[in-house]
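Please open the model in your viewer and keep the selection tool at hand. The stops below go from one part to the next.

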There are 2 protein chains.
Amino acid sequence: MISKNQLKLLRALGQKKQRKAHGLFLVQGEKNVLELANSALTVKQIFATADFLAENRSELSGFECIEASLDDLTKASTLVSNNATIAVVEIPSVETPKAQGLMIALDGVSDPGNLGTIIRVADWYGIKHIVASTDCADPYNPKTISATMGSFGRVTVSQLDLPSYLEQSNLPVYGAFLEGESVHKTEFAAEGILLMGSESHGIREHAAKFVTDKITIPAFGGAESLNVAMATGIILDNLRRQHS
Amino acid sequence: MISKNQLKLLRALGQKKQRKAHGLFLVQGEKNVLELANSALTVKQIFATADFLAENRSELSGFECIEASLDDLTKASTLVSNNATIAVVEIPSVETPKAQGLMIALDGVSDPGNLGTIIRVADWYGIKHIVASTDCADPYNPKTISATMGSFGRVTVSQLDLPSYLEQSNLPVYGAFLEGESVHKTEFAAEGILLMGSESHGIREHAAKFVTDKITIPAFGGAESLNVAMATGIILDNLRRQHS
């Protein structure tokens with residue numbers, strides 16, 4: 001059963017301010033919660049249906065599990081579906097990653113779903129670190145975590161002063177613009193930072209001035225733009241075909 | 001002003017059954033409505049704020065425009081945001097496309113947002129026709145239209161008996177599976193059908209048996225899968241780099 005206090009906490013963790021105050025975030029849905037067993041994250045509690053607990057006994061051993069009805073879980077959830085389980089997890093302290101290897105930098109990507117999808121595709125292409133401007137979506141927003149489909153445990157997202165980070169890095173910075181060299185023709189270096197802006201504002205000047213290579217995804221039809229997560233995935237594929 | 005009867009119609013068109021009965025669908029949001037001016041679709045009415053009508057006077061000339069308050073438009077909208085304008089548009093009669101050129105086939109892709117994103121990325125890569133199994137999301141669902149970001153006017157989606165369509169086509173059918181030849185190494189033909197399945201079920205056997213080439217997006221990290229729209233975009237990029 002979910003106690004009143006527990007319900008209050010779960011609800012509170014839907015908000016960024018409360019996540020920060022408690023140092024906790026929510027992981028919801030079967031796939032995402034099961035990923036916790038393979039991650040280094042510290043899990044406080046897992047609330048789940050009796051069925052889910054029974055089916056995943058071995059993966060969940062070692063965690064504090066609390067059985068709850070699907071109705072109660074649905075009430076506690078910040079998502080509309082996929083409510084068989086909710087975990088309360090400590091927000092890890094993430095060290096600012098050294099600028100090395102292949103990385104992603106995000107400027108003003110404010111939609112949590114897009115951020116989550118970028119984390120997922122980054123994980124697919126073996127990218128370990130994302131650096132993000134402070135006005136990007138919160139990496140611990142429930143919608144972000146949900147969209148990562150479990151990849152939140154394998155990719156770090158550091159919110160930081162993006163222009164200084166780019167300024168201090170010695171890597172090439174590949175900035176995605178609507179005009180630039182076609183990614184089909186770009187010779188990518190083995191290490192570098194892929195910089196993506198938001199759909200509405202693109203890469204803003206404070207970050208754009210550190211771009212060493214302007215790149216673009218060639219268009220063949222009538223659409224004016226691509227979703228930022230989609231564009232990130234397509235460019236990563238072009239990068240990885242040269243440097244796996 | 002939106003009359004009571006008009007409001008009733010707008011609300012009704014949120015449902016598939018009602019769209020079919022009226023032969024009408026909704027186009028919502030500034031970008032999508034402005035695309036109507038460039039499309040061959042028949043627009044019944046455009047409801048919009050005074051500001052939107054004033055700003056886009058030339059694009060909207062020739063349409064029946066009805067001024068409404070943002071409050072009324074928000075009440076009528078089936079979407080949570082982006083409510084400055086709503087258009088009522090006739091569902092066009094789409095002929096089943098001939099199997100030629102590059103096409104996309106979808107098997108059981110039931111999420112309207114995914115379908116809309118696929119339409120958008122298809123348009124980016126110059127694909128004109130999508131054929132979809134009858135249990136795919138409705139191409140005229142407001143969430144589909146919204147996610148296309150205007151591309152709904154340039155790409156046709158035909159819901160049909162997918163296995164027979166694939167059986168009768170003489171094109172190679174590239175089926176996206178988790179195991180198959182890497183799209184980085186595949187030699188694509190100039191004409192062909194890219195077949196995508198749903199995230200939960202993949203390509204089902206009734207369609208899989210017509211696949212001539214199993215392809216896959218190579219993975220370099222820990223994610224188990226990609227979103228179907230993302231995967232479609234990445235494969236189209238690989239196709240187009242060979243045949244533009």
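This is a predicted model: local features need pLDDT of at least 70, side-chain atom pairs count only at pLDDT 80 or more; totals for chains, interfaces and linings use all residues.

Residues are numbered from 1 along each chain as its sequence is written, chains are lettered from A and ligands numbered from 1 in the order in which they are written, and side-chain values use heavy atoms, with hydrogens and water left out.

**Domains of chain A**

Begin by colouring domain 1 (4–90) and domain 2 (102–240) of chain A, bounds that come from an automatic or database domain assignment. Their centres, taken over C-alpha atoms, are separated by 29 Å. Between them about 1,100 Å² is buried, 62% of it on carbon and sulfur atoms; buried area is the accessible area (1.4 Å probe) that two parts lose on being put together, summed over both.

Show Arg154(A) and Glu35(A), which form a salt bridge with their closest N and O atoms 2.9 Å apart.

**A loop residue**

Move to Asn83(A), in the loop between helix H6 (70–76) and strand E4 (85–90) of chain A, where helices (H or I, at least four residues) and strands (E, at least two) are DSSP runs, numbered from the N terminus. Is Asn83(A) buried or exposed? Asn83(A) is buried, with a relative accessible area of 7% (buried means under 20%, exposed over 50%, partly exposed in between, with a 1.4 Å probe and protein chains only).

**Chain B against chain A**

Finally, display both chains: the contact takes 35 residues from chain B and 35 residues from chain A, contact meaning heavy atoms within 4.5 Å. The area buried between chain B and chain A is about 3,100 Å², with carbon and sulfur atoms giving 60%. On the chain B side, select Trp124(B), Phe220(B) and Arg241(B), which lose the most area to chain A, together 27% of what that side buries. Four salt bridges are counted between chain B and chain A; zoom in on Glu199(A) and Arg120(B), which form a salt bridge with their closest N and O atoms 3.1 Å apart.

Notes: A salt bridge is a side-chain nitrogen of Lys or Arg within 4 Å of a carboxyl oxygen of Asp or Glu.
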